[in-house]
Amino acid sequence: MLDDFEEKDIAEIALFISSERLAAFREIAGNERDAIILHQQVLAVGSALAPILAIIEIALRNAICEQLRTAFGIPGWLKTPPLPFTWGTEETSKIKEAERHAQRASYAKLTNTAKRALDTIAYPNGVPANAKHETRVKARQKSIQVTSGQVVAQLTLYFWKRLFSDDYEETLWKRALRQIFPNKLLKRTDVSDHLEVLYQARNRVAHHEPIYYDRLNEVLAAIDFICRNFRSRRPSDETSLNKLLRSHRVALAEKVDELRASLAGFRSIPDADNGSAETADVTGDPLRNGDR
């Protein structure tokens with residue numbers, strides 16, 4: 001991969017990737033050149049994970065909306081769900097935040113003329129003479145009426161996975177959400193635990209953080225669980241979601257195999273008890289606490 005790179009290239013690459021970022025890879029690989037190779041392979045795995053995580057998030061989000069729209073029976077269920085159900089404090093905060101993001105996104109698409117026209121709604125008694133531009137913009141944005149769909153689009157995977165927490169076992173899981181994972185042998189905690197793994201993986205991919213060793217095994221297992229159980233009464237490789245993701249999963253498997261082959265070929269790790277050298281276990285994670 002770096003065969004045509006000179007030593008000065010390796011040194012420069014290590015500089016802009018940063019010594020701190022390469023430290024964990026250098027500990028595994030044993031030298032700068034192989035650490036950079038390993039770094040690139042880990043990023044390639046993250047890139048292959050990205051579309052899979054995105055599609056799962058979209059599918060989950062829309063499935064939840066469908067089930068709750070039916071269960072609550074009203075179009076405005078997200079912002080004003082029918083009593084006695086109420087959102088927890090955290091979810092209420094996330095919905096309000098998503099609404100603000102949706103309003104800002106809508107405002108950004110308006111022409112300057114349309115933006116100024118919002119003043120009549122934001123300030124029915126006229127714009128105060130001392131109103132700062134920033135204050136005026138926020139007031140305009142707040143006056144925009146956004147749809148539930150626009151708010152939904154701004155909610156993150158954190159919100160959706162929270163709906164499978166024990167806080168909502170009686171009110172959401174038993175009432176509606178178990179229909180998304182209709183296998184009677186599955187518990188809410190099964191779904192919640194796997195979604196938490198995918199949520200953490202999504203954040204790591206978004207921030208270009210490494211996923212390998214045990215963490216990678218957990219992510220692959222979580223993807224397999226969701227794909228095989230989504231909208232299916234029994235685990236199956238023929239779910240619609242799994243079919244949609246099949247080509248992406250094949251591409252991911254290729255990158256994972258390349259990474260695992262490299263990990264298996266890198267330096268041996270001395271046995272702590274007797275000082276003998278043993279090949280590093282590519283399913284274990286000796287640096288698990290160092291790569292969070």
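In helix α2 (residues 19-29), which residues are buried, and which helices do they pack against?

Reply: This is a predicted model, in which local features need pLDDT of at least 70 and side-chain atom pairs count only at pLDDT 80 or more, while totals for chains, interfaces and linings use all residues. Residues are numbered from 1 along each chain as its sequence is written, and side-chain values use heavy atoms, with hydrogens and water left out.

In helix α2, the buried residues are L22, A24, F25, I28 and A29 (buried means under 20% relative accessible area, exposed over 50%, and partly exposed in between, with a 1.4 Å probe and protein chains only). Seen down the axis of α2, these residues fall within an arc of 145°, so they line one face of the helix; the arc is that of the directions from the helix axis to the C-beta atoms. They pack against α1 (7-17), α3 (32-72), α12 (213-229) and α13 (240-265), where contact means heavy atoms within 4.5 Å. Just after α2 comes G30, which takes a positive phi of about 95°.

Around this helix, the protein chain holds 13 helices and two strands (helices, H or I with at least four residues, and strands, E with at least two, are DSSP runs numbered from the N terminus). The radius of gyration of the chain is 24 Å, well over the 19 Å that the globule rule gives for 292 residues, so the chain is more spread out than a compact globule; the radius is taken over C-alpha atoms, and the rule is 2.2 Å times the number of residues to the power 0.38. Along its principal axes the C-alpha trace spans about 80 × 55 × 35 Å, and 41% of the 292 residues count as buried.

The loop between α3 and α4 contains P84, and a cis peptide bond with omega of about 15° joins L83 and P84.

The contact is made by Q103, R104 and Y107 of α4 and by V137, R140, Q141 and K142 of α7.

H208 is found in the loop between α11 (188-206) and α12, where its phi is near 60°, a positive value in a residue other than glycine. R231 has its place in the loop between α12 and α13; although R231 is not a glycine, it has a positive phi of about 60°, and with a relative accessible area of 35% R231 is partly exposed.
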